[in-house]
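Thank you all for coming to this group meeting.

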Amino acid sequence: MIVKMKFISISGPRTDIDRVSDVYLSKYEMQLENAVTELKTTDNLLPFVDSNPYKDALSKAGKFVELLSDSESEYTKVDLSTDEMMDLIREINHDSIELQDKKAALKKDKDALKAKQALLEPFAPLDLDLHRVLNFNFLKVRFGRIGIDYYQKLEKYLFNDLHAIFMEGVKNENYVYGCYFVANNEVGKVDSIFSSLHFERMSLPDDYEKTPKYSLNKLEEELKKTEEQIAEIDNKMQALVDTHRNELLSASSRLTELSNNFDVRKMAARLKENEEDHYIICGWMSERDVENFLKESKNDDKVFVVVEDDREKFFGQPPTKLKNPKFFKPFEMFVKMYGLPAQDEMDPTIFLALTYTLIFGAMFGDVGQGLCLFLGGGLLYLIKKSNLAGIVSVAGIFSTFFGFMFGSVFGFENVIEARWLRPVEAMTNLPFIGQLNTVFIVAIAFGMFLNILVIIFHIINAIRIKDTENIWFSPNGVAGLVFYGFITATIFLYFSGHKTPSNILLAIFLGVPILFFLFKEPLTNLVERNHKKIEEGKGMFFVQGFFELFETMLSYFSNTLSYVRIGAFAVSHAAIMEVVLMLSGASAGHPNWIGVILGNLIVVGFEGLIVGIQVLRLEYYEMFSRFYKGTGREFKPFSNKKKIK
């Protein structure tokens, strides 16, 4: 059902707006509207331009809460004044900045040590004193790397004639790291040769001690010490926030409320007249909340409330809030996917829930698989609160029911007797047509019943909005109900062997509605006393009417025939399970239980998904399209409990 909404305006002294938000708006659900744009007939309205004083403190508090070791567990609430909360956040922030500065400096040192490590590691195998070789007087040393291909050429062709000594360090699949020594008078020539071989020089500082390996060990010790200092700072930071855990969580919660209360100003307006300065808040609230709010604020001399009963007639439709029994609540998800109902539409949630689960069960009837869906979906719904899981669980109940009707348990049809029929075997003789699967006949009959029902729903919706054309003359109005209902009755009488209506009755009950379909526009104008002429001309009117009539007849036929898929899936499900049992050897009397289990899992997952989609298609295209628009907007109440990101 749809909760009835009222539009209210709340006003009072400007300085009292935070108290009203904290005391009243935190209790009652109210969707705020922009007062400046909504209250167009009120003069001298100004927007609030104050900046939120809590936002920065809330942001810092949120960061500290994230650092808590057990922020998700319960805490003891601490009552703090606004000044106390601000002082707490300021103090913790001051101490944390000090720690963060030290940590940043240490991280910078750590990065520098890692860079030195990365530079020195390729030369670890070299057995030489780095400081000494980098300060030779008569020799030059060049550290770097050379591509593996060029190094092979260097070894093969140049080493014998090259006045230099190359010492090899780390060698991988792409490069050879190392250094070469050359006399001062040969430096230019040797450097040119190595450059031509794409030798990439790497500059090492001369502040290392002894061998590269020794220097690497010293760097590792320094790095470990630096990491210990960083860990120590992290522990201090953790201890800092954990010491104030209850205060931080309490402050964060309260600052969230205060920040959201202050943000009400974004939707509020100021009304300044003479020396008085007032605020105005307006929006939608449920009738029940309005009643309770008026009672509570009755003796509050700083709060003035105005309830505008007829506002929706002049300022658009109110938002939609759905309220259904818990059993049907998950199915609101499917309604929202199509579109929420407007205030003057019926809520289709219960109708969708009943028809969806009933059709799903008929298309997927199996006791064992239905129980799996019921238990699996129910367990997931309890743990994750997933609406889809709740829908699957309810659909599993109906699958189990039709499983008993069809006599099927995990595909085995020799375990229990069918309470109704077996979809593959049941056949019925019909006049003129001959033998036809019974499930197909029942599916068509059920589809006709649903078509009549949704036409009635369409008439009810049209009555609510006083739409004359859709009440009486449209294919989904009274004319359509008479036309389709009479055809349905005639078909049932004929196939059940009873006498069908006479030609005169056929002419009246089919001919008159067709004329209503054709002349629905001028008939509507006549009833509403709207003397409007046909703008496109009589010839074009009849041509357009003919094609619309043809489309209407085609939609009746295709819409009815679409329900055959219910029977088709019921038969195909039974046939697929026969194949599964045959492939697993169950039909021959020696079942491979692993094959039976895997086959059932595949059918439950794959076919269950397909059936679910097909049923939803029937709901949307064959039912909803005939009576439901879904043009409503969701009710989004203000809450000072929500978190600001």
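Let me begin with E413, which counts as partly exposed because its relative accessibility is 23%, where buried means under 20% relative accessible area, exposed means over 50%, and partly exposed lies in between, all with a 1.4 Å probe and protein chains only. The side chain of E413 meets that of R422 in a salt bridge, with 3.8 Å from N to O, and a salt bridge here is a side-chain nitrogen of Lys or Arg within 4 Å of a carboxyl oxygen of Asp or Glu. R422, at 14% relative accessibility, counts as buried.

Before going further, please keep in mind that this is a predicted model, in which local features need pLDDT of at least 70 and side-chain atom pairs count only at pLDDT 80 or more, while totals for chains, interfaces and linings use all residues. Residues are numbered from 1 along each chain as its sequence is written, and side-chain values use heavy atoms, with hydrogens and water left out.

How many salt bridges does the structure hold? There are 24 of them, and as a general point, side chains of opposite charge can pair when their charged atoms come close. One of them joins K60 to D56, with the closest N and O atoms 2.7 Å apart. These two residues are four residues apart in helix α3, residues 55-67, so about one helical turn separates K60 from D56; helices (H or I, at least four residues) and strands (E, at least two) are DSSP runs, numbered from the N terminus. K60 counts as partly exposed, at 23% relative accessibility.

Another salt bridge brings together the side chains of E227 and K110, at 3.7 Å from N to O. Because E227 lies in helix α8 and K110 in helix α4, residues 82-120, this pair ties together parts that are 117 residues apart in sequence. E227 counts as partly exposed, with 34% relative accessibility. There is also a network of salt bridges, which links R14, D18, D50, R265, R270 and D277.

Now to the interior. In soluble globular proteins, nonpolar side chains tend to be buried together. A nonpolar core is defined as a set of buried Ala, Val, Leu, Ile, Met, Phe, Trp, Tyr and Cys residues joined through side-chain atoms within 4.5 Å. Which members of the largest nonpolar core touch the most other members? The core has 47 residues, and the ones in question are Y356, I359, I566, M623 and F627. At least two residues of this core are supplied by each of α12 (332-338), α13 (349-363), α15 (387-406), α16 (438-464), α22 (564-583) and α23 (593-627), and the largest share, nine residues, comes from α23.

Let us turn to the surface, where V482, I504, L505, I508, F509, V512, L515 and F516 form a nonpolar patch with about 640 Å² of accessible area together. Patches are made of residues with over 30% relative accessible area and no salt bridge, with like charges joined within 9 Å and nonpolar side chains (Val, Leu, Ile, Met, Phe, Trp, Tyr) within 5 Å. The accessible areas come from the Shrake-Rupley method with a 1.4 Å probe, and for residues only the protein chains shown count as cover. Helix α19, residues 503-518, gives the largest share of the nonpolar patch, seven residues. I508 is found in helix α19, and I508 is partly exposed, with a relative accessible area of 43%.

Finally, a few individual residues. N261 lies in helix α9, residues 245-263, and is buried, with a relative accessible area of 1%. Although N261 and S21 are 240 residues apart in sequence, they are 5.4 Å apart in space, C-alpha to C-alpha.

Most residues other than glycine have a negative phi. K210, however, has a positive phi of about 55° although it is not a glycine; K210 lies in the loop between β7 (200-201) and α8, and is partly exposed, with a relative accessible area of 47%. K466 also has a positive phi of about 55° without being a glycine. K466 is found in the loop between α16 and α17 (468-473), and with a relative accessible area of 70%, K466 is exposed.
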